[in-house]
Amino acid sequence: MSVQEYWNPILETLPLEKLKVLQFKKFKRILSWAYTHSKFHKALYDNAGLTPDDISSFDDIKKIPKVEKSMMRGIQNKDPFPYGDALCVPLEEVSAFRQTSGTTGQPVYQPDTWQDWEWWSECWSFVLWAQGYRPKDRVFIPFGYNIFVAFWAGHYAAEKLGCEVVPGGVLDTQSRILKIKELNATAMMATPTYILRMADVAKNKMGIDPKDLFINKITCAGEPGAGISSTKKRMEAAWGAKVYDHSGATEIGAWSYECSRQPCGMHVNEAMFLVEIEDLNTGEIIEEPGRKGKMIITALDRMAQPCIRFDSKDIIQWDSEACECGRSFRLIRGGVLGRADDITKVKGVLLSPASIEEVVRSIKGLGDEFEVIVDKQGDADRIKLKVELMPEVKKSNIKNILRDQLRLKTNLGYQIEFYDYGSLPRYEVKAKRFKDLRKKKTVEKECRP
Amino acid sequence: MKNFSNLNEMNDKILKVKQFLIELEAMAIEFPAISKNSKRALASTKMMELNISDIVELDLHDSI
């Protein structure tokens, strides 16, 4: 394996036992930093009867209290304004503001120093290098460049790698496609929803086949689609390009990535992050592969507003296989499988919206868009699935296949409604395809990053 | 794990660069063009530390 395969040929091939030593020492360092520089963290640990000195082994880490997003909301809009007392640096050291999307409630503000932004782009550099980005690439980034972190750090990382970056900011979709064509862009970063949307617009509104463009790799983030095999296949088929998954979050950082081998999972950057998987029922830390649980994550080097044992609510599982790329960073099988707060009980069965997407996108003849509505019919739950038929496809040829596959993959029956191609809502960035009307107030999915 | 014979040498140079930048920043308090660029360069230097110095400096034979 050539050292050119890796962004950091030492860290990425460090044996797991040595990675754990590194993680433990870095965990102690960030814990001490937070304890001595943030009133919020000091109070949190004091209330648990712990100081950093009490953490003397890797096993002790789980004693440290977790941080929930609601706790971060609770401290905001207080001094030092607007971040509150989790801030570990003087306000004048903060050089960048971002916030979470806030679709589950009050947005969480994220202060970063210039060093933190260097760190953000460093983490993204691991991602892009592993996915084959090199200085010869011309990278087109079609996102809104605003208060959401999205692809900002991807932009800076691509620059750091030596790529030429084209910011596709406020252009509309057709203008972006024309610019990609005009400049022979070779790579792109966007949400899966927008990758499919761009392909649709190019092909059906502009008469441009995306496969005829020069895009050869696409990095996705913000939605689970690039980890859902049927959605990934659709994107790859539409663009004639490799599509890679990546996961990060505003409060966390860019913590995992698919490498160029596409191993059906993502590597956790274990040099920069400590990932623990917690059993949803017992709360015990899961070490063995193949058992799903909730991710508790620590960003080991993020300084202004540390992320220590953050309850991300992402559902993940360790993979039993090592990746043939040679990285010792462990794989999470299938990427992020869902979110603990997304999984809903319908008719007594646990339903993950991602499993419906997997089925719909696997059926040729159905369009990319769909919508799921859960409501009550009398006392019983009902799931309505709206799908689009591609032109000249007959409903009778699809209906039974769709119903059977849904039953097989989700153990549930659906009221299926077919619509003409192009009639369901289109999304420009992140989609809102799942609606649970049983709740008094509909809570939309919190989006990452 | 890949082996690099010049890892310590690279680390020494990173730490020297860091020291120079700290000194430069301190010298240039009344010269924003130097102090602010030094500070920014220190942030980049920190990334080199995270990539190499942590490994060199930490005794990876420690037990956990």
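**Cysteines and the chain contact**

Mentor: Let's start with a cysteine: Cys264(A) is exposed, at a relative accessible area of 52%. Keep in mind that this is a predicted model. The closest cysteine sulfur to that of Cys264(A) belongs to Cys323(A), 10.0 Å off, and that is too far for a bond. The count over all chains comes to zero disulfides. Cys163(A) is in no disulfide either, with the nearest cysteine sulfur, in Cys220(A), 17 Å away. Cys163(A) counts as buried, since its relative accessibility is 8%.

Now for the part you asked about. On the chain A side, 29 residues are in contact with 20 residues of chain B. Together the two chains bury about 2,400 Å², and 69% of that is on carbon and sulfur atoms. There's a charged side to it as well: chain A and chain B share three salt bridges. One of them joins the side chains of Lys26(A) and Asp54(B), at 3.8 Å from N to O.

As for what chain A brings, helix H1 (16-37) and helix H4 (114-130) are the elements that give two or more residues to the side touching chain B. H1(A) supplies the largest share, eight residues. Sort that side of chain A by residue type and you get 16 nonpolar, three polar and ten charged.

Notes: Residues numbered from 1 in each chain as written. Chains lettered and ligands numbered in written order. Predicted model: local features only at pLDDT ≥ 70, side-chain atom pairs only at ≥ 80, totals over all residues. Heavy atoms only, no water. Contact = heavy atoms within 4.5 Å. Buried area = accessible area lost by both parts, 1.4 Å probe. Salt bridge = Lys/Arg side-chain N within 4 Å of Asp/Glu carboxyl O. Helix = DSSP H or I, 4+ residues; strand = E, 2+ residues; numbered from the N terminus. Nonpolar A, V, L, I, M, F, W, Y, C, P; charged D, E, K, R; others polar. Disulfide = S-S within 2.5 Å. Buried < 20%, exposed > 50% of the residue type's maximum accessible area, 1.4 Å probe, protein only.
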